[in-house]
Amino acid sequence: MDRILARLLGGLLGLAVLLPPPISLPLAPTHQFVTLAHADDDDDGGGGDDDDDDGGGGRSDRGGSGGSGERRPSRQSGFTLFPFLQSPRPAPVRRAAPAAIPDRVPNEIIAAGLSEAAITQLTTEGYAVAERQSIAVLATEPATEPATEIVRLVVPRGTGLDAARARVAALAPVAQVDFNHYYRPEQTETAPDCGGQSCALVREIIGWPLDPAGLVQRCGSLPKIGLIDTAINPAHPSLDKARLEVIRISDDALPQSGRQHGTAVVALLVGAAGSRAPGLLPSSEVIAVDAFRRLGGSADVASTFDLVRALDALAGRNVRVINLSLAGPDNLLLKRTVEAMIARGAILVAAVGNAGPRAKPLYPAGYEGVIAVTAVDKRRNAYRRANQGDHVDIAAPGVNVWTAASISGARPKSGTSFAAPFVSAAAAVLLAERPELTPAQMAEALSLMAQDIGTPGRDSVFGWGLLDARRLCTAEASAAP
């Protein structure tokens, strides 16, 4: 028996010698792909958006090898003599789905116009005053009436928010009472690599000049542009010489919001000419208010209370054009503040939101008098995630828009967040030429500059059509009412 086994083993070894060696096939070059459906929201989790567009550590902004999520084939032959001797592959690790972000602060009610007697009564019932703030823009008659105070109330334990809102409203019928809703930056995805230079030239579809100096000389002195957004990195190379003031509204004790979104939006407006992220109006002055904070480790949110304070801060600095690349629920206090801002001549430009074409309107874009901006790609197709509806006013580039990453580089971004700055920049240019324009007149002037790209006339997808910057400061545009 031993002799038989020895002969069998010898035969197998001889067969192995006669077999050709394993062939290592050349590997196809590996590439990094980011699918639109699963792209991270500006890499809010950290890391990826901080890379320079030339590559470097972490994920490369221009694709190529390296980077999270990339799978490389191993250099193995396709033949295994004894497969049962191989180690079993480990089971794939499943990541837990991110927790849903609530649409409001879980235990707070906010109110404007509460009397001292009402506040005293509420505190005896277990409500706690978390914060009080005078809002000058809410004064009924700014010249004679005192500022209206908004109050942030913590609801007693065991009391539901609906019941709390009803109780405060019943106690103070003349006050505006609502939940302390959350608002989010309106970017849904980091776009895939779109070929480098073609990303930077996306503004060409609306005729925006690559060198806006001539446009500014033709139109006049530009007004300040206000911005309410997340934190900003003023040390970014595209912003280090920008005329930029950053104000933080949120409590310093709360986690600071991420810098990805705010830096990208600011750079799109005023990034230095010739930098990696050149802006639409590099010579403009921007006053940016960081009203956001980090929630749950990955999401940036701004509460209604802080948005109202941010709008009031910009009103106090006489800022006429304000970019709002954010969206959220309808709210009584936000609506009243928006109405007060418009009554004072502020031109509010807001992203319509990225909840999808069948979603209900988001706010502040949904409010009367706000210029609601949707997004299109370079082929003038509607951005597939943009909200639609009768409130949509105008379209602008918002897919694969090349702008700043949060530290030093640049990358393409997608979302209605990045369409709104194009319209804000156009509004600033129009206001330079015609400073007497009211918000309603500004909306009319922008509509007359739009190229009709959808159903003839105004429609629920593109509004009046695609912004046409070629008509800025022309005789035809100046003749508009």
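A disulfide (a pair of cysteine sulfur atoms within 2.5 Å) joins Cys-219 to Cys-473, with an S to S distance of 1.8 Å. By this rule the count comes to one disulfide. The link of Cys-219 and Cys-473 is right-handed, with 130 degrees about the S-S bond. Cys-219 lies in helix H5 (residues 213-219), while Cys-473 is in the loop between strand E19 (466-467) and helix H11 (475-478), so the pair ties together parts that are 254 residues apart in sequence. Helices (H or I, at least four residues) and strands (E, at least two) are DSSP runs, numbered from the N terminus. Both Cys-219 and Cys-473 are buried, where buried means under 20% relative accessible area, exposed over 50%, and partly exposed in between (1.4 Å probe, protein chains only).

The structure is a predicted model, in which local features need pLDDT of at least 70 and side-chain atom pairs count only at pLDDT 80 or more, whereas totals for chains, interfaces and linings use all residues. Residues are numbered from 1 along each chain as its sequence is written, and side-chain values use heavy atoms, with hydrogens and water left out.

Eleven helices and 19 strands are present in the chain. Of its 481 residues, 50% are buried. Among contacts (heavy atoms within 4.5 Å) with a separation of 6 or more, 76% are between residues 24 or more positions apart. The chain has an accessible surface of about 22,600 Å², and carbon and sulfur atoms account for 55% of this area. Accessible areas come from the Shrake-Rupley method with a 1.4 Å probe; for residues, only the protein chains shown count as cover.

Helix packing was examined for two pairs. Helix H9 (residues 420-433) packs against helix H10 (residues 439-448) at an angle of about 110 degrees, and their axes are 11 Å apart. That makes H9 roughly perpendicular to H10. Angles under 35 degrees count as roughly parallel, over 145 as roughly antiparallel, 65 to 115 as roughly perpendicular and the rest as oblique. Axes are lines fitted to C-alpha atoms, for helices over the stretch in contact, and angles run from 0 to 180 degrees between N-to-C directions. The crossing of H9 and H10 is right-handed; a crossing is right-handed if the near helix is turned clockwise from the far one by less than a right angle, and left-handed if anticlockwise. On the H9 side, Val-423, Ala-426, Ala-427, Leu-430 and Leu-431 meet Met-442, Ala-445 and Leu-446 of H10.

In the second pair, helix H2 (residues 116-124) and helix H3 (residues 161-171) pack at an angle of about 140 degrees, with 10 Å between their axes. H2 and H3 also have a right-handed crossing. Ala-118, Gln-121 and Leu-122 of H2 make the contact with Arg-167, Val-168 and Leu-171 of H3.

The loop between H9 and H10 contains Arg-434, which is buried at a relative accessible area of 10%.

Eleven of the eleven residues of helix H6 (residues 260-270) are buried, so H6 is largely enclosed by the rest of the structure. Among them are Gln-260, His-261, Thr-263 and Val-270. Leu-311 is part of helix H7 (residues 304-316) and counts as buried at 3% relative accessibility. Neighbours within four places in sequence aside, Leu-311 is in contact with Ile-228, Ile-322, Leu-334, Thr-337, Val-338 and Met-341.

Several backbone features fall in loops between strands. The peptide bond from Tyr-363 to Pro-364 is cis, with omega near 15 degrees, and Pro-364 is in the loop between strand E13 (347-351) and strand E14 (371-376). Arg-380, a residue other than glycine, has a positive phi near 70 degrees. Arg-380 is found in the loop between E14 and strand E15 (394-397) and is partly exposed, with a relative accessible area of 32%. Asn-400 likewise has a positive phi, near 60 degrees, and is placed in the loop between E15 and strand E16 (401-404).
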